[in-house]
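Colleague: I'd like to walk through this model with you, one feature at a time. Could you bring up the sequence and the structure first?

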Amino acid sequence: MEGAGYRVVFEKGGVYLHTSAKKYQDRDSLIAGVIRVVEKDNDVLLHWAPVEEAGDSTQILFSKKDSSGGDSCASEEEPTFDPGYEPDWAVISTVRPQPRHSEPTRGAEPSCPQGSWAFSVSLGELKSIRRSKPGLSWAYLVLVTQAGGSLPALHFHRGGTRALLRVLSRYLLLASSPQDSRLYLVFPHDSSALSNSFHHLQLFDQDSSNVVSRFLQDPYSTTFSSFSRVTNFFRGALQPQPEGAASDLPPPPDDEPEPGFEVISCVELGPRPTVERGPPVTEEEWARHVGPEGRLQQVPELKNRIFSGGLSPGLRREAWKFLLGYLSWEGTAEEHKAHVRKKTDEYFRMKLQWKSVSPEQERRNSLLHGYRSLIERDVSRTDRTNKFYEGPENPGLGLLNDILLTYCMYHFDLGGWQAWGQAGPGLSRGALWAWLQPDPVSSPGYVQGMSDLLSPILYVIQNEVDAFWCFCGFMELVQGNFEESQETMKRQLGRLLLLLRVLDPQLCDFLDSQDSGSLCFCFRWLLIWFKREFPFPDVLRLWEVLWTGLPGPNLHLLVACAILDMERDTLMLSGFGSNEILKHINELTMKLSVEDVLTRAEALHRQLTACPELPHNVQEILGMAPPTEPHSPSPTASPLPLSPTRAPPTPPAPTDTAPQPDSSLEILPEEEDDDGADS
């Protein structure tokens, strides 16, 4: 569509504004409109108008320039438009959309037409663009201007967000955050503007035009998300300023500079080394590490052997107790016996707590009844093809059920069961009933998926008490995965994305192009540590290798990277869309070789750690560098840390703040709750 001095290069209908702060919109609060990208008078404008005025392209206005006075539908006292159901952008929505002023009809009362919501903004005035999370609701985009305010969220009821972003990328550089694929920083295709930015940020010495020209030649392979702290960016262009040299730049502001995260797209990894795994540790080899008093000797060497080869099946029953922290690597045989006696007494005290609840009491305690019903349902379908659990009257199922119910007692309130232990079995039923009420601060007792983690442990240990405490040790590692907020899972997926972007940026770009860049199809992998991806014997080998903690933390993320690396060509050459990618990943179940995956994961780790210029945030994931201290004391103003947390059984004392990764994106705090509302 063309006219006098303007040309419409993109147009999409079915783009709505939701003008109500209610979670569920009614018809009157939805304003249907058309979004256009228009070239007009040597400028490019993004224009939205309701359907009643969408056809009038010649009346496109630039809201920033249209600052003249006039009657407005909103009075000066009217609060800022802030739809609270969208936490992604409501907190920064400080600018009401500029109304289009028109003369009211003679004799008619002033009104607030839908046209007052129309806006038009120059692309040069945009600062960032935020996409909604994939989900069942309508997708939306939030545009933030250089002035710091946001335009009303554009809800695409008929799709089209990716098409609009592709058109905008013709005129702008959209720099995707490696920690949040939904957030884009906006930069102009303008060498002088970028050179000026580099100069004022002191990123390059003298003239940076050559660097900018190289950047503009290939902008998408050099995605960056912050200018506040850039590492390994355009190799050789970053020069340290000599100590004591005078600077002609203006003094820095009083406020602490915004943190940033390192550029990783230009990291050049060396060749991937060849890795050969060793044979499993045998019982004879283990015996050579046992000293005269039953104390294990040369433990680091023993752990290395377990990492490189795993354990022979006959040794697992003993070795897993050490790997899961039930028995101490430094303890003697006598100390181990005393410890087992103590933990056995503790276990049966906890088991007695739920065993002593009468059916009548349980009927009045919906929480305990709910846990029991959920556990019974999950246990009835856990590993039923395994001979240890097959059959309707299999005793293994009863042990699974009892251990998981006892774990509920263990995790309702640790202080509660310890107090009960001091009071003894004579604790009154009234006191027990009060104790059974949930503590809102404590972690959940049982969540679906935990039975998958217990099943292999019970299969190997074949002792109720020992299996329970080994399971507790495993849950110390992964209990954050089962948080209702899913924050730990989000952090792990973020770390996985960061590793994958270093290892294979082309694969990341492909997944992004297919709306799969969030790696949500890896969720089950990380939630239960690949329990349903490998055959049962391979799961035993994988877990014992991961439990060694070698060669560093987060090896399970490299296992996920290894699987994606093995399937890289299939994913990229087949032309899969997002649904096909998810289907293909699900169909990998029971078709993977654990030895091949572990070999590749170790090779990826060696390849990364051999890189001399590995970004600091990647070093943190691999345990090569201590976590970066947070730049802001406010936890809600910074993105979430990209590492799984190990929540202890009792709430930690508020003495240390959890490490936060760097981020320059203070304008969009993370969502606190109600994730489904903004999906």
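Colleague: Which exposed residues are carried on the face of α22 turned away from its buried side?

Modeller: A quick note first: this is a predicted model, in which local features need pLDDT of at least 70 and side-chain atom pairs count only at pLDDT 80 or more, while totals for chains, interfaces and linings use all residues. Residues are numbered from 1 along each chain as its sequence is written, and side-chain values use heavy atoms, leaving out hydrogens and water. In α22 (residues 578-586), I581, H584 and I585 are buried, and they cover an arc of only 100° around the axis (from the directions of the C-beta atoms), which puts them on the same side of the helix. With buried meaning under 20% relative accessible area, exposed over 50% and partly exposed in between (1.4 Å probe, protein chains only), the face turned away from that side carries the exposed residues N579 and K583.

Colleague: Which helices are included in what covers the buried residues of α22?

Modeller: Helices (H or I, at least four residues) and strands (E, at least two) are DSSP runs, numbered from the N terminus. Contact here means heavy atoms within 4.5 Å. The cover over the buried residues of α22 includes α17, α18, α20 and α21 (568-573).

Colleague: How far apart in space are G480 and L527, C-alpha to C-alpha?

Modeller: G480 sits in the loop between α15 and α16 (487-503). At 1% relative accessibility, G480 counts as buried. In sequence, G480 and L527 are 47 residues apart, and in space, C-alpha to C-alpha, they are 9.3 Å apart.

Colleague: With which residues is H289 in contact, leaving aside its neighbours within four places in sequence?

Modeller: H289 is found in the loop between α5 (283-287) and α6 (299-309). H289 is buried, with a relative accessible area of 5%. With those neighbours left aside, H289 is in contact with R295, L296, Q297, Q298, E301 and L302.

Colleague: How many residues apart are E39 and R7, the pair that links distant parts of the chain?

Modeller: The side chains of E39 and R7 meet in a salt bridge (a side-chain nitrogen of Lys or Arg within 4 Å of a carboxyl oxygen of Asp or Glu), at 3.1 Å, N to O. E39 belongs to strand β3 (residues 30-40) and R7 to strand β2 (residues 6-18), and the two are 32 residues apart.

Colleague: What about D515 and R131: how many residues apart are they?

Modeller: D515 is partly exposed at 42% relative accessibility, whereas R131 is buried at 15%. Their side chains meet in a salt bridge of 3.4 Å, N to O. D515 lies in the loop between α17 (505-513) and α18 (523-527), R131 in strand β6 (residues 126-131), and the pair is 384 residues apart.

Colleague: By about how much of the helix are K343 and E346 separated?

Modeller: K343 forms a salt bridge with E346, the closest N and O atoms being 3.2 Å apart. K343 is buried, with a relative accessible area of 15%. Being three residues apart in helix α8 (residues 333-355), K343 and E346 are separated by about one helical turn.

Colleague: Last one: how many salt bridges does the structure hold?

Modeller: As background, side chains of opposite charge can pair when their charged atoms come close. In this protein chain of 679 residues, 51% of the residues count as buried, and the chain has 24 helices and ten strands. The number of salt bridges in the structure is 33.
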